[in-house]
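Subject: Structure for your review

Dear colleague,

My notes on it follow directly after.

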Amino acid sequence: MISLEKLTRKNIWNLAPYSCARNEFSGTTATVFLDANENPFGAPYNRYPDPLQQELKKKIHEVKGIPASYTFLGNGSDEAIDLMYRCFCEPKADNVVAIEPTYGMYKVCADINDVEYRPVNLDENYQIDGNKLLAACDAHTKVIWICSPNNPTGNSISREEIVKVLNGFDGLVVVDEAYSDFSHERPLRFELPRYKNLVVLNTLSKAWASAAIRLGMAFADPEIIGIMNKVKYPYNINLLTQEQALKVLNNSDEIDSWVKMILQERTRLIEAFGQLAICEKVYPTDANFFLAKVTDAQRIYDYLVAQGIIVRNRTRVQLCYNCLRITIGTRSENSELIGALRQYK
């Protein structure tokens with residue numbers, strides 16, 4: 001990895017971050033707060049939240065095994081994705097490389113930040129060739145995006161090829177593990193001490209059943225986390241989100257039971273779906289959804305909408321022609337889907 005100073009945009013490296021009131025007395029016990037122009041009434045929501053979410057990061061350390069110094073918390077993973085561009089990619093000059101197809105926000109954020117986005121197609125098994133990703137890079141490539149398990153394909157990306165990219169690239173490699181709780185593979189976040197250029201994304205939106213609170217995580221070397229904290233808005237995680245996240249993380253046993261039920265239903269639903277006349281192929285998945293090639297994705301999608309059942313039509317996505325992406329629901333929801341498709345003509 002090249003030096004972090006060279007990797008970071010010059011104006012960001014030299015940035016003097018906003019110093020909010022709650023940063024200035026860190027480590028000090030205080031009982032009277034007359035520093036932040038807050039209303040003294042209406043506790044606890046009259047006060048600004050901890051800008052670095054220390055209590056929540058401590059709990060995440062217990063659950064995820066990653067120290068607070070390696071942890072950035074954002075308004076969903078999308079904030080961390082956007083910060084990769086804002087911190088490290090010079091608009092109109094730098095570029096990023098990504099697998100294709102994959103999560104659409106990597107490209108959306110590239111377009112917003114005026115950074116060239118270079119997609120590299122997966123093979124027929126939706127796997128990467130690390131050498132092809134590296135060949136797409138040049139001296140202005142700052143980030144490589146890899147989602148594993150991938151969205152919308154559902155499969156885990158070859159660990160051997162990811163390691164090849166990590167070893168062969170001197171910029172940042174972001175591995176989005178939003179769906180890793182549904183996979184039996186060891187999460188890459190545990191390899192952070194080995195790879196200083198690795199950034200791993202996590203979220204509470206999937207397995208942790210908390211999409212509404214918008215809590216995303218980025219795990220990386222503390223120096224990278226420090227750059228991200230310089231650029232983020234001072235109070236980016238509100239107190240309500242922090243409180244609910246703590247509640248959810250303290251309830252890991254129930255979350256584990258929900259994940260087991262989802263995986264059982266995934267097996268049942270895939271087997272039933274594969275027997276339908278409309279199904280041409282169900283692709284392997286390590287996520288809480290599966291991608292299936294069908295006879296006519298648009299027509300089937302429209303039919304399901306008319307039945308009040310919403311899936312995702314991915315037929316316009318590269319390498320996903322006539323494919324539907326189907327999230328695993330409750331047993332009754334999954335049965336309703338199969339029942340409706342059995343009536344499809």
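I begin with a pair of helices: the axes of helix H11 (residues 252–274) and helix H13 (residues 331–342) come within 11 Å of each other and cross at roughly 5°. H11 is therefore roughly parallel to H13, a term used for angles under 35 degrees, while those over 145 count as roughly antiparallel, 65 to 115 as roughly perpendicular and the rest as oblique. On the H11 side the contact is made by Glu265, Arg268, Leu269, Ala272 and Phe273, and on the H13 side by Arg331, Asn334, Ser335, Leu337, Ile338, Leu341 and Arg342. Sorted by class, this contact has 6 nonpolar, 2 polar and 4 charged residues.

Please note that this is a predicted model, in which local features need pLDDT of at least 70 and side-chain atom pairs count only at pLDDT 80 or more, whereas totals for chains, interfaces and linings use all residues. Residues are numbered from 1 along each chain as its sequence is written, and side-chain values use heavy atoms, with hydrogens and water left out.

The terms are as follows. Helices (H or I, at least four residues) and strands (E, at least two) are DSSP runs, numbered from the N terminus. Axes are lines fitted to C-alpha atoms, for helices over the stretch in contact, and angles run from 0 to 180 degrees between N-to-C directions. Contact means heavy atoms within 4.5 Å. Ala, Val, Leu, Ile, Met, Phe, Trp, Tyr, Cys and Pro count as nonpolar, Asp, Glu, Lys and Arg as charged, and the others, Gly among them, as polar.

A further helix pair

Helix H4 (residues 54–64) packs with helix H10 (residues 239–249) at an angle of about 20°, their axes being 10 Å apart. H4 and H10 are therefore roughly parallel to each other. Their crossing is left-handed, that is, the near helix is turned anticlockwise from the far one by less than a right angle. H4 contributes Glu55, Leu56, Lys59, Ile60 and Val63 to the contact, and H10 contributes Gln242, Ala245, Leu246 and Leu249. The contact of H4 with H10 has 6 nonpolar, 1 polar and 2 charged residues.

Strand S8 (residues 279–282) and strand S9 (residues 289–294) pair in the antiparallel sense over 3 bridges, and the two form a hairpin with 6 residues between them. Within this pairing, valine 282 stands opposite alanine 292 in S9. S10 and strand S11 (residues 323–327) are antiparallel over 2 bridges, with asparagine 313 opposite leucine 324 in S11.

Threonine 327 lies in strand S11. With a relative accessible area of 45%, threonine 327 is partly exposed; buried means under 20%, exposed over 50%, and partly exposed in between (1.4 Å probe, protein chains only). Leaving aside residues up to four places away in sequence, threonine 327 touches Asn288, Phe289 and Asn334.

Strands S4 and S5

Strand S4 (residues 141–147) and S5 run parallel and are joined by 5 bridges. The bridge partner of valine 143 in S5 is leucine 172. In strand S5 (residues 172–176), 5 of its 5 residues are buried. Leu172, Val174 and Asp176 point one way from S5, and Val173 and Val175 the other way.

Backbone exceptions

Most residues other than glycine have a negative phi, and most peptide bonds are trans. A cis peptide bond, with omega about 5°, joins alanine 43 and proline 44, and proline 44 is found in the loop between helix H3 (21–24) and H4. The bond from glutamate 100 to proline 101 is cis, with omega near 5°. Tyrosine 126 has a positive phi near 60° and counts as buried at 4% relative accessibility. Asparagine 322, in the loop between S10 and S11, has a positive phi of about 60° and counts as buried at 11% relative accessibility.

With kind regards

Conventions. Two strands pair if DSSP finds at least two bridges between them.
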